Amino acid sequence: MASPLMASCSSIFGAKSGSSFASCFSPSIRAHSLRKHALNKVLAVMAPARSPRSPSSTGSVKHAMTMTEKILARASEKSHPEPGENIWVNVDVLMTHDVCGPGTIGIFKKEFGKNAKVWDREKIVIIPDHYIFTSDERANRNVDILRDFCLEQNIKYFYDIKDLGDFRANPDYKGVCHIALAQEGHCRPGEVLLGTDSHTCTAGAFGQFATGIGNTDAGFVMGTGKILLKVPPTLRFILDGEMPNYLLAKDLILQIIGEITVAGATYKSMEFVGSTIEGLNMEERMTLCNMVVEAGGKNGVVPADETTFKYLEDKNSKNFEPVYSDDNARFIQEYRIDVSKLEPLVAKPHSPDNRALARECKDVKIDRVYIGSCTGGKTEDFFASAKVFLASGKKVKVPTFLVPATQKVWMDIYSLPVPGSGGKTCSQIFEEAGCDVPASPSCGACLGGPRDTYARMNEPQVCVSTTNRNFPGRMGHREGQIYLASPYTAAASALTGYVADPRDFLL
């Protein structure tokens with residue numbers, strides 16, 4: 001049984017001359033951190049401290065639960081699942097797409113029989129989105145396999161695409177699965193959502209347990225509606241302070257990943273709370289939860305509130321019951337961050353935790369900018385980049401590729417006025433800035449794809465991208481260099497031809 005003791009960590013960042021963040025903790029701890037992070041020039045100390053409560057004085061705290069534990073308790077019909085315990089969980093939604101769907105279907109048919117029926121045709125969501133606008137025969141075949149299976153099983157939620165020449169001719173086609181799940185009302189507080197994609201954790205922004213699984217597990221879920229899960233312990237991140245107008249959620253999650261490393265949350269839940277989180281819109285919360293897997297996290301979760309419920313008003317007709325962590329729930333660590341003191345960040349090649357201040361990379365010449373993906377291709381992301389282009393009034397100095405996540409985002413780019421623009425839409429601002437015309441909605445070049453994928457890096461170039469991973473070969477060429485950044489920073493970099501700090505245009 002896990003110990004009821006909670007180790008807490010505090011991380012209060014302050015500006016430090018010439019560099020970045022400092023701590024208010026003891027000199028010995030600070031000196032250790034300075035040595036540890038000297039190469040990164042980003043200083044942020046989090047000092048672990050034991051809870052002052054002894055086991056004998058915790059009383060009913062041993063029955064208190066985190067959000068993730070409560071969701072899994074309900075889904076497993078267990079009163080109090082313990083971190084580390086393996087439990088059978090009832091699944092509310094299973095999602096798969098064109099990359100993993102054929103493999104999942106193959107396993108389902110092999111294990112349950114070629115004539116077997118799925119456990120619930122209304123709880124399986126199938127979304128082609130990865131390798132769509134390509135002439136690659138194998139990629140096209142994958143979508144055909146999905147279509148045949150959905151017809152055979154009478155799957156209710158299959159977002160098909162047949163006409164690759166014009167995505168608008170396909171009213172059912174949506175685009176990137178993680179954004180489509182939210183827009184189409186498949187994300188609900190308190191539920192369990194699984195998907196054959198590591199960034200399924202995006203849906204945790206709605207106060208639900210959402211995580212990626214492999215094809216074998218998905219094949220089993222497809223046939224039974226159940227999965228064996230180990231209950232993860234929880235890390236809690238308390239973000240307070242007024243969000244500066246030059247920061248976005250992408251900066252927040254890059255800060256956190258840079259602090260705890262890409263292995264810092266391995267098989268742990270990451271819970272985000274605090275006044276800053278409460279002030280974020282749903283798309284920004286999705287960005288935050290989207291990248292918990294880059295820290296090794298099992299899932300990310302944000303407590304549902306009025307912002308959540310308002311977003312769901314016209315998207316969901318099903319009942320749901322949000323849950324919240326108990327006041328005395330056990331968190332293996334807590335991190336406190338003063339967001340008002342943070343600066344725009346990038347993750348340098350070739351790891352999401354290779355954190356640096358954007359202004360410290362001002363001499364890095366770039367070849368291109370990519371704005372898109374489940375992380376940075378939402379409506380609010382394009383509004384943010386348009387804001388920078390509008391403030392500058394200049395044209396981009398490098399090719400700037402725009403890939404909306406979904407059909408809805410694409411339509412928003414062409415129809416919604418950007419606040420403060422005098423009625424101009426994103427598309428008008430992008431055209432004036434000399435960006436590429438917004439592409440057909442899909443995952444695009446985020447994970448490379450077939451060679452004819454739009455904006456794929458087929459040469460060893462340097463790219464500033466709003467995507468989520470920058471490993472060698474991630475966007476195509478193995479020698480390409482990817483700097484992960486917010487839409488603000490990406491747009492600023494497009495205008496200068498170098499990695500740039502958006503404060504140069506927004507202040």
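**Notes on the model**

1. In α15, the residues Pro487, Tyr488, Thr489, Ala490, Ala491, Ala492, Ser493, Ala494 and Leu495 are buried, where buried means under 20% relative accessible area, exposed over 50% and partly exposed in between (1.4 Å probe, protein chains only). Because nine of the 10 residues of α15 are buried, the helix is largely enclosed by the rest of the structure. Gly497 follows α15 and has a positive phi, near 80°.

2. This is a predicted model, in which local features need pLDDT of at least 70 and side-chain atom pairs count only at pLDDT 80 or more, whereas totals for chains, interfaces and linings use all residues. Residues are numbered from 1 along each chain as its sequence is written, and side-chain values use heavy atoms, with hydrogens and water left out.

3. The chain has 16 helices and 21 strands; helices (H or I, at least four residues) and strands (E, at least two) are DSSP runs, numbered from the N terminus. Of the 507 residues in the chain, 60% are buried. Contact means heavy atoms within 4.5 Å; of the contacts in the chain with a separation of 6 or more, 74% are between residues 24 or more positions apart.

4. Ser493 lies in helix α15 (residues 487–496). Ser493 counts as buried because its relative accessibility is 0%. Its side chain reaches the backbone oxygen of Thr489 at 2.8 Å. Leaving aside neighbours within four places in sequence, Ser493 is in contact with Ile366, Val369, Val464, Tyr498, Val499 and Ala500.

5. Val464 belongs to strand β20 (residues 462–465), both faces of which are covered: Val462 and Val464 on one side, and Cys463 and Ser465 on the other, are all buried. In a regular strand the side chains alternate between the two faces of the sheet. Two strands pair if DSSP finds at least two bridges between them. Strand β18 (residues 368–372) pairs with β20 in the parallel sense over three bridges, and the bridge partner of Arg368 in β20 is Cys463. β20 also pairs with strand β21 (residues 481–485), in the parallel sense over four bridges; Val462 stands opposite Gln481 in β21.

6. A further element is an open sheet of four strands in the order β14-β13-β12-β15, with parallel pairing. Its edge strands are β14 (299–301) and β15 (333–338), each of which pairs on one side only. The twist averages 20° from one strand to the next, with axes taken as lines fitted to C-alpha atoms, for helices over the stretch in contact, and angles running from 0 to 180 degrees between N-to-C directions. Helix α2 (residues 67–76) packs on the sheet, touching β12, β13 and β14, and its direction makes about 110° with that of β14. Within the sheet, β12 (residues 234–240) and β13 (residues 269–273) pair over five bridges; the partner of Arg236 in β13 is Glu271.

7. In helix α3 (residues 101–112), the residues Gly101, Pro102, Thr104, Ile105 and Phe108 are buried. They lie on the same side of α3 because they cover an arc of only 160° around the axis, the arc being that of the directions from the helix axis to the C-beta atoms. These buried residues pack against β6 (93–97), α4 (137–153) and α6 (215–224), whereas the face turned away from the buried side carries the exposed residues Lys110 and Glu111. Gly113, with a positive phi near 110°, follows α3.

Terms used: Polar contact = N/O pair within 3.5 Å; in protein donor to acceptor, adjacent residues only side chain to side chain.
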